[in-house]
Amino acid sequence: MPTYLIKGASVVGAAPTDLLVRDGVVVETGRGLDAAGAVTVDADGLVALPGLVDLHTHLREPGREDAETVESGSRAAALGGYTAVFAMANTSPVADTAGVVEQVWRLGREAGLVDVQPIGAVTVGLAGEHLAELGAMASSAAGVRIFSDDGFCVADPRLMRRALEYVKAFDGIIAQHAEEPRLTEGAQMHEGEISTRLGLTGWPAVAEEAIIARDVLLTEHVGSRLHVCHVSTAGSVEVLRQAKARGIRVTAEVTPHHLLLTDERAVSYDPVFKVNPPLRTAADVTALRAALVEGVIDVVATDHAPHGVEDKECEWAYARPGMLGLETALSIVLDVLGPQWDLIAERMSRSPARIAGLAGHGVDPAPGVPANLTLVDPTARRTVEPAELASRSRNTPYAGMTLPGRVVATFLRGEPTVLDGKAVR
Ligand SMILES: NC(=O)N[C@@H](CC(=O)O)C(=O)O
Ligand SMILES: [Zn+2]
Ligand SMILES: [Zn+2]
């Protein structure tokens with residue numbers, strides 16, 4: 001493995017320095033470093049961040065390799081500055097056994113572009129009836145710690161309680177897709193003025209908030225850990241704020257799209273904007289941004305949800321919910337937060353790695369630290385071209401938008417996965 005000398009990078013916004021990367025580790029930092037035989041990477045004007053960590057990615061393998069594979073999703077992730085992604089369990093077959101999570105984990109290792117950490121299903125087949133083999137998935141080679149029925153809510157409170165109790169044995173977490181199913185039957189978009197105007201069935205904010213309220217109380221009752229997926233409403237933020245103030249062990253994520261887009265987008269009837277939970281109001285967006293800055297929301301997670309054209313280029317009502325996220329997340333967050341590098345590193349790398357207990361990730365580049373890092377050009381602007389994305393799918397809601405920031409290079413354990421803005425493999 002070659003030695004890399006990264007010249008003049010601003011580590012999380014600090015004064016420029018050189019970084020010497022050897023045998024997978026940052027071995028030395030400082031100005032004017034020299035190393036015979038090292039490959040030099042010019043990082044003048046670039047910001048070095050700890051490699052981004054996504055707690056919520058859909059890779060579609062096994063089952064829908066036409067929409068995404070572990071490899072294509074890994075490449076999209078590396079291009080987005082990620083060094084680790086957590087792969088949701090709603091594949092076909094569902095990742096509800098040690099066998100399936102080990103298969104996904106192994107495919108991730110073989111692709112070698114990011115660390116793919118499988119999330120295990122909470123219930124068999126995501127059917128919400130029987131607990132899956134959580135212990136077997138935890139003790140498998142994949143070492144699963146996060147469990148989720150994402151795509152579906154673990155709606156049965158008794159089952160949710162048992163899952164929360166079960167994962168305590170290995171300090172696991174239940175990641176909940178908070179959606180009371182009885183309140184969202186037939187729902188097509190956020191329930192509000194625009195859904196009324198368009199005549200589309202609404203997905204009310206309370207369907208999310210009621211489940212979060214129930215689950216934080218269950219989590220407190222059993223003394224376990226809860227993670228709330230894709231928080232989308234101002235009311236959810238208030239429930240989380242109270243729960244955290246009470247010392248309940250709950251963490252939460254927000255997606256880039258919920259930080260930027262509103263339900264106004266549905267007026268176009270373009271299914272690229274159909275997503276679960278739905279795009280909400282401008283007031284919700286404002287509350288989510290404030291909660292992210294404050295820390296009531298711990299992380300930005302992409303909910304990268306690739307879908308083939310037949311599932312997206314159709315009538316709104318028939319389209320599947322979900323949108324791409326990995327290759328644009330950092331640009332959206334930079335657009336929303338501005339160049340607050342320490343905050344960006346915290347919400348996109350350190351905090352997700354800490355929540356997941358993921359060793360070697362989420363640590364700022366410094367001597368002795370595994371070289372999982374990304375180099376970003378903060379001044380570059382780029383226009384999103386769906387055809388240029390590494391994902392096998394094209395359902396980005398940002399097509400044609402010009403966004404700030406560009407990932408120039410990503411290193412996974414000292415090896416570049418992206419150089420000059422291009423995937424190396
Ligand atoms: N977010 C979505 O709209 N869709 C996700 C499932 C999910 O995250 O609930 C998917 O798997 O496509
Ligand atoms: Zn979900
Ligand atoms: Zn999801």
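Ile 146 has Ile 173 as its bridge partner in strand E10. Strands here are DSSP runs marked E of at least two residues, helices are runs marked H or I of at least four residues, and both are numbered from the N terminus. This is a predicted model, where local features need pLDDT of at least 70, side-chain atom pairs count only at pLDDT 80 or more, and totals for chains, interfaces and linings use all residues. Residues are numbered from 1 along each chain as its sequence is written, while chains are lettered from A and ligands numbered from 1 in the order in which they are written.

Back to the sheet. E9 and E10 (residues 173-176) run parallel and are joined by 2 bridges; for two strands to count as paired, DSSP has to find at least two bridges between them. Altogether 5 strands make up this open sheet, in the order E9-E10-E13-E14-E15, with parallel pairing. At the edges sit E9 (146-147) and E15 (299-300), each pairing on one side only.

Ser 139 belongs to the loop between helix H3 (134-138) and E9. It counts as partly exposed because it has 13 C-beta neighbours inside 10 Å. The scale goes like this: 20 or more other C-beta atoms within 10 Å of a residue's own make it buried, 12 or fewer make it exposed, and anything in between is partly exposed, with C-beta atoms placed from the backbone. From Ser 139 to Pro 16 is 123 residues in sequence and 43 Å in space, C-alpha to C-alpha.

## Strand E1 and its partners

Now for strand E1 (residues 4-11). This strand is largely enclosed by the rest of the structure, since 6 of its 8 residues are buried. E1 pairs antiparallel with E2 (residues 16-22) over 5 bridges, and Ile 6 stands opposite Leu 19 in E2. The two strands form a hairpin with 4 residues between them, and Val 12 in the turn has a positive phi of about 50°.

E1 has parallel pairings too. With E4 (residues 39-42) there are 4 bridges, and Lys 7 stands opposite Asp 42 there. With E5 (residues 47-50) there are 2 bridges, and Ser 10 has Val 47 as its partner.

Strand E7 (residues 82-87) is mostly covered, with 6 of its 6 residues buried. E7 runs parallel to E6 (residues 52-57), joined to it by 4 bridges, and Thr 57 faces Ala 87 across that pairing. Another 4 bridges pair E7 with E8 (residues 115-118), again in the parallel sense; here Val 85 has Val 116 as its bridge partner.

E6, helix H1 (residues 70-79) and E7 also make a right-handed β-α-β unit. Right-handed means that, with the strands pointing away from the viewer, the path from the first strand over the helix to the second runs clockwise.

## Two domains

The domain assignment, which is automatic or from a database, gives domain 1 (4-47 + 367-423) and domain 2 (51-356). Their contact takes 28 residues from domain 1 and 39 residues from domain 2, where contact means C-beta atoms, placed from the backbone, within 7 Å. On the domain 1 side, the largest share, 6 residues, comes from E17.

## Around ligand 1

Which residues surround ligand 1? Among them are His 58, Asn 90, Asp 150, His 177 and Arg 320. A residue is near the ligand if its C-beta atom, placed from the backbone, lies within 6 Å of it.

Definitions and conventions:
Two residues are in contact if their C-beta atoms, placed from the backbone, lie within 7 Å.
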